[in-house]
Amino acid sequence: MTKYAPSWLRLREDADAAARATELLEPVRAFLRTQDEVVIRDLGCGTGSLGRWLARRLPGRQRWILHDRDPDLLTHALARTSRPDHSLDGSEVEVVTEQRDITELRAADLAGTSLVAASALLDLLTAEEMTRLAEACVEAGCAVLFTLSVSGRVVLSPKEKFDVEISDAFNAHQRRVTDGRWLLGPDAVDVAFGVFERLGATVRRAPSPWRLGADQAALTAEWLTGWVGAACEQRPELRPDADAYLQWRLSQCAAGELNAVIQHEDLLVVPS
């Protein structure tokens, strides 16, 4: 699985919070009110930003189990200033960490779990890994909330015809084969939706776009650099034009003249 720097995760946290589909929260709250104990597993937790956002929007005393393969990120997530401090009704929130490969989770590992949650994770999985995870969640009877999965759609303003070439190359990079794993990339939500439906679960999806303007110039510049860089990694022949394109876009960004809408989707599964 890809490793991410804490600085990047901190930079995107506010944009993530603004983008998440809040209309999916009420069904989660309703399901959690039926639980004797609220146990939430955050898969690929990073620095814990999903917990900081979600815990205070859900009711009751909560026990969060943060999963990640990166021990440094787990240390960040467990720091006192990083942990969520209370739930929606002011109840206590307990946080523990568990270093492991989340692609190996099975139904027995999820026993007693109320909600499996993740942010910006699904596109990093393969179809086989997504299927096994869905099967584990459905068998264990958990609700599932996967947020901010990339959909592959980007709109920059002002537009430029080279946007399409970069976007197509980036999406191909997201679907690449790495270490023998064929990543889902922007197909992830479609695949996940289909798998959960076949398993008989009730599934909903909702858009969760980043809307970046002049007040998020630092994030836009970082995202733009990574977006173009991944496109060129996939199609090196783009590099000469892409270098000039990137510098032009970064100058627009610095001048507050660039707006970007980066589409994501959130997916909710509630046990039938």
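Helices (H or I, at least four residues) and strands (E, at least two) are DSSP runs, numbered from the N terminus. Buried means under 20% relative accessible area, exposed over 50%, and partly exposed in between, with a 1.4 Å probe and protein chains only.

A word on what you have loaded: this is a predicted model, where local features need pLDDT of at least 70 and side-chain atom pairs count only at pLDDT 80 or more, while totals for chains, interfaces and linings use all residues. Residues are numbered from 1 along each chain as its sequence is written, and side-chain values use heavy atoms, with hydrogens and water left out.

Now centre on Ile166. Leaving aside neighbours within four places in sequence, Ile166 is in contact (heavy atoms within 4.5 Å) with Trp227, Val228, Ala231, Leu238, Ala242 and Tyr245.

Next, pick Arg12 in helix 1 (residues 6-19). Arg12 counts as buried because its relative accessibility is 11%. Beyond neighbours within four places in sequence, Arg12 is in contact with Ala120, Leu148, Trp210 and Leu219.

Ala120, in the loop between strand 4 (115-119) and helix 5 (127-140), has a positive phi near 55° without being a glycine. Leu148, in strand 5, also has a positive phi, of about 60°, and at 1% relative accessibility Leu148 counts as buried.

Move on to Ser157 and Pro158, joined by a cis peptide bond with omega about 5°. Pro158 is found in the loop between strand 5 (143-157) and helix 6 (162-174).

Finish at the second largest pocket, with a volume of about 180 Å³. Select Asp14, Ala15, Leu212, Gln216 and Leu219, which lie nearest its centre among 13 lining residues. Helix 1 supplies the largest share of the lining, six residues. The lining divides into eight nonpolar, one polar and four charged residues. For reference, a pocket here is an open set of points on a 1 Å grid over the protein atoms alone, where a 1.4 Å probe fits, with protein on both sides within 12 Å along at least five of seven lines; lining residues have an atom within 4 Å of a point. The volume is the space filled by probe spheres set on the points, which are joined across faces, edges and corners. Ala, Val, Leu, Ile, Met, Phe, Trp, Tyr, Cys and Pro count as nonpolar, Asp, Glu, Lys and Arg as charged, and the others, Gly among them, as polar.
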